[in-house]
Amino acid sequence: MNILKYLDIKSLVKQFRAEGLSMRRRFAFYIFSVICLFLAVIIILLNLFGILNPTDRQIMNALNVRLSAFSERIERDCDELAACAISFSGQLEKSIQDYLTENNITFDKLKNNSRALDSLQNRLYDAVYLNMQVAPASGAFYILDTTANSNSETRLYSGVYLKYINLCSENTVNNDFSIYRGSFSTGKSRNINFHSGWKNESSTTFFENCDEVFSDGTHFVLSPAVEIPDTWERARYIYVPIRDYSDTIIGVCGFEITDLLFQFSHKTENGSFENEICSLLDEHNGIYSGQFSSGRYNMDNVLNIIDRNGSQLFDFGSEKCIGLTQQIVLGNEAFSIAVMLPKTQYESFLRKGQIKIMLIFLIAALLAAVCCIFMSKKYVSPILKKIEHIKSRDDYGEQLRIREIDDLFAFLEEKDNFYERQLDDLESAK
């Protein structure tokens, strides 16, 4: 307000109307308009050829935010499931030790003793069932390093494995379940449905290197996504060791996370993009596989990842996606978190962004061109007309409202008048 006191706006407007703009200011405005025109054309060309594309940066920024949020959720879910598995293991260790003490036998005496193993399974069943109800998982299990049939060609292990059979959301409350592994008497005594792939005992390679896996203070292990034997499903497992009183590993327990449960747990309808895909990937010899938030990619999940400029290309063979990855350590293993978009949708976003930018700068170019034409008419044409007017007539005509030109013609007119007066005086004197 104090500055306005010293500025007489009305007088400035009157002065502009009376005198017009100076040649210097008109020329500066004209050059500025030309520069704007060239810049707008250059930016349109850069955008058209994909060199300048802020839309790509905006998409990557949005995916990066989503990647951080997804990574934090995976870590939180894994820690929650690991805590449940560690509690589950403690309950089993106590129940197994109590059973062995009550029956005055050692763990080694359970081998080939089907009656004792069935009795132990019935005792441990409630722990498996209750922990499956508590944990955010699609199944729960325990496997002991013993068997009722050591003469089998395939090495077998005794245990109970329960699975949900009617998952339709991430909420597993009141869902039906079946027994996938366990003795026939355990399932029959509790009137449980038997899974279509049911077997009495499990076959696994877990105990071949379990001591090495759980060394160095490793409390749990998250497995790669693998096919579940005798089913059409794939799942990822979280393992926790079961130990005896001498701290020897005698078994393993944990939970199952199927592709379907992973998909339900990480829906992306409310994400930044409609067809956004989140995944937890495993890497083996440069080939990736894993679990995805879209069932469409869980069906065909082997892929290659190719680095691009600031992003990654996910090649599924039949389809490609564009996105970002981040390394994460779960348990004692490294995994990759990925967030991506189908390449067709990504390119559609880029085209829309390019069209918007082109329209903006095309309008700017048109306005700059209009300014150039306007300034040409207001600046160059009047001068040329004035010169032609002077050539054809004796008078100088009206002022152009260009200060320097008007001053020049006024000076010339004044000189002409002065010479005419001198000529008249000479004629009079003669």
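1. Strands here are DSSP runs of E with at least two residues, numbered from the N terminus, and two strands pair if DSSP finds at least two bridges between them.

2. Before going on, please note that this is a predicted model, in which local features need pLDDT of at least 70, side-chain atom pairs count only at pLDDT 80 or more, and totals for chains, interfaces and linings use all residues. Residues are numbered from 1 along each chain as its sequence is written, and side-chain values use heavy atoms, with hydrogens and water left out.

3. Back to the hairpin: four residues lie between E11 and E12, and Gly310 in the turn has a positive phi of about 85°. Across the pair, Ile306 has Leu313 of E12 as its bridge partner.

4. At the E10 end, strand E9 (residues 277–284) pairs with E10 in the antiparallel sense over six bridges. Here Asp282 has Ser289 of E10 as its bridge partner.

5. Finally, the whole chain: its secondary structure comes to 11 helices and 14 strands, helices being DSSP runs of H or I with at least four residues. Of the 430 residues, 40% are buried, meaning under 20% relative accessible area with a 1.4 Å probe, protein chains only.

Notes:
Buried < 20%, exposed > 50% of the residue type's maximum accessible area, 1.4 Å probe, protein only.
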